[in-house]
Amino acid sequence: MSVTYNFNGKVALVTGGNSGMGLATSRAFARAGAAVTVAGLNQESLDSAVEEIRSAGGKAIGVHCDVADEAQVAAMVERTVAEFGRLDMAFNNAGIQIPDSDTADQPAEDYDRISGINQRGVWACMKHELIHMREQGSGAIVNCSSIGGVVGRAGIAAYHGTKHGVIGLTKSVALEYAERGIRINAVCPGTIDTPMVSDMLDKGMLKMDDLLRDLPMKRIGKPEEIADAVLWLCSSGSTFVTGHALLVDGGFTVQ
């Protein structure tokens with residue numbers, strides 16, 4: 001059964017919104033009637049995403065933004081409010097992976113890079129989104145964590161550390177704003193069919209046989225299944241949900 005939402009008159013912001021889970025979520029927000037800011041780094045895919053949404057009758061703008069740079073994050077949010085007049089929903093999805101490494105051999109530069117995007121970038125996005133949402137007295141933010149935010153795995157400690165950090169940020173900020181009409185939650189995707197996962201498979205960082213063996217549903221997830229979770233967390237169907245980290249992982253963490 002297909003679930004539909006009515007976000008007419010609402011404004012959504014999606015970082016990493018031009019690819020994978022972010023693109024699926026940008027499309028879903030637009031189909032539900034929201035005006036969407038699609039943020040990302042690749043201008044070609046940004047332009048393509050915006051054109052696709054507009055061609056289907058939706059409202060969208062594309063904003064080039066490196067979430068590791070707080071000034072760019074601030075400008076992204078300001079551009080959204082200047083264009084659409086408000087900000088109601090945000091999916092802070094931008095993130096990266098780095099090659100597997102023994103922690104003793106990992107360069108500090110790699111750790112700083114992944115932390116700057118995956119964790120500090122989420123903090124910066126929330127900070128500037130909340131500046132506007134607290135003035136409105138309303139809003140919903142969903143941060144992208146991962147199954148790596150609730151379990152560990154050898155070789156990618158830096159990545160898992162950032163995703164654990166996202167859940168900690170989500171819970172703490174949710175408490176700050178629980179009485180102010182703003183809800184903050186996280187989504188924790190399992191292995192999803194995205195360009196990042198495809199790249200990891202191509203490089204041998206992941207093996208499909210191993211993935212399927214460990215997945216109770218015996219398939220990897222679809223980006224649209226993450227979009228569905230994000231829209232629910234932003235909708236009137238989840239108005240008593242805040243500070244939650246929603247696992248969307250095909251049962252992986254149940255085992």
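Student: Which residue in β3 stands opposite Val36?

Tutor: This is a predicted model, in which local features need pLDDT of at least 70 and side-chain atom pairs count only at pLDDT 80 or more, whereas totals for chains, interfaces and linings use all residues. Residues are numbered from 1 along each chain as its sequence is written, and side-chain values use heavy atoms, with hydrogens and water left out. Strand β2 (residues 35-40) pairs with β3 in the parallel sense over five bridges, where a strand is a DSSP run of E with at least two residues, numbered from the N terminus, and pairing takes at least two DSSP bridges. Within β3, the residue opposite Val36 is Ala60.

Student: Which strands stand at the edges of the sheet?

Tutor: The open sheet has seven strands in the order β3-β2-β1-β4-β5-β6-β7, and their pairing is parallel. Two of these strands each have a single partner, so one side of each lacks a neighbour in the sheet, and they are β3 (60-64) and β7 (245-248).

Student: How many degrees does the twist average from one strand to the next?

Tutor: Axes are lines fitted to C-alpha atoms, and angles run from 0 to 180 degrees between N-to-C directions. From one strand to the next, the average twist is 15°.

Student: Are Met89, Phe91, Ala90 and Asn92 of strand β4 buried or exposed?

Tutor: Side chains in a regular strand alternate between the two faces of the sheet. In β4 (residues 89-92), Met89 and Phe91 lie on one side and Ala90 and Asn92 on the other. Relative accessible area, taken with a 1.4 Å probe on protein chains only, is under 20% for buried and over 50% for exposed residues, with partly exposed in between. Both faces of β4 are covered, and all four residues are buried.
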